Amino acid sequence: MKTAHELVAEAKAHVTEVPIDQAQDAIRAADLLIDVREADEFAAGHLQGAVGMPRGVLEFRLAGNPAFERRDLRMVLYCKTSGRAALAARSLQSMGYLNVQSIAGGLEAWVQAGLPIVLPEQPSFD
């Protein structure tokens with residue numbers, strides 16, 4: 001039986017991971033930026049312009065929406081550290097999507113590089 005880490009390593013061998021220093025350019029060139037983390041993780045902070053599509057429902061959301069029918073859509077995916085994004089990218093490749101990338105190191109690498117994220121608005125008690 002394969003471990004989760006083995007599955008991620010196998011996926012990463014087949015997907016393109018964008019280094020963090022090239023991630024902003026990849027995002028600008030993309031048609032779609034997808035955060036594959038869970039909804040509560042997305043709500044706690046995400047990349048500007050990202051669409052939240054948790055990995056568990058990603059394929060269903062893409063398949064059920066005519067806006068995502070083009071197999072040449074340029075997609076960039078990310079998660080917390082890049083494991084889930086790699087697995088999701090591999091799955092999208094299996095669906096026939098041709099231009100799928102994931103961000104190496106995920107959101108943690110993004111934040112560590114000092115790049116901006118969208119944080120939830122805090123309520124004012126004034």
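Start at G96, which comes after helix α5 and has a positive phi, near 110 degrees. Keep in mind that this is a predicted model.

Now the helix itself. α5 covers residues 83–94, 12 residues in total. At 1.5 Å a residue it should span 16 Å, and its end C-alpha atoms are 17 Å apart, so the two figures agree.

Which residues of α5 are buried? They are G83, A85, A86, L87, A88, A89 and L92. As for what lies over them, the cover includes two helices, α1 (4–12) and α4 (58–63). It also includes the strands β4 (74–78) and β5 (99–103).

Next, the whole chain. There are 6 helices and 5 strands, and from the N terminus on they run α-β-α-β-α-β-α-β-α-β-α. The radius of gyration is 15 Å, close to the 14 Å that the globule rule gives for 126 residues, so the chain is as compact as a globular protein of that length. Along the principal axes, the C-alpha trace spans about 50 × 35 × 30 Å.

On contacts: take those in the chain with a separation of 6 or more, and 69% of them come from residues 24 or more positions apart. Of the 126 residues, 37% count as buried.

That leaves the surface and the charges. The chain exposes about 7400 Å², with carbon and sulfur atoms supplying 54% of that area. How many side chains are positive and how many negative? The chain has 12 positive and 16 negative ones, and the centres of the two sets lie 5 Å apart.

Note on methods
Residues numbered from 1 in each chain as written. Predicted model: local features only at pLDDT ≥ 70, side-chain atom pairs only at ≥ 80, totals over all residues. Heavy atoms only, no water. Helix = DSSP H or I, 4+ residues; strand = E, 2+ residues; numbered from the N terminus. Expected span 1.5 Å × (residues − 1). Buried < 20%, exposed > 50% of the residue type's maximum accessible area, 1.4 Å probe, protein only. Contact = heavy atoms within 4.5 Å. Rg over C-alpha atoms; globule rule 2.2 N^0.38 Å. Areas by Shrake-Rupley, 256 points an atom, 1.4 Å probe, with all protein chains shown as cover. Lys, Arg positive; Asp, Glu negative; His and termini not counted. Charge placed at Lys NZ, Arg CZ, Asp CG, Glu CD.
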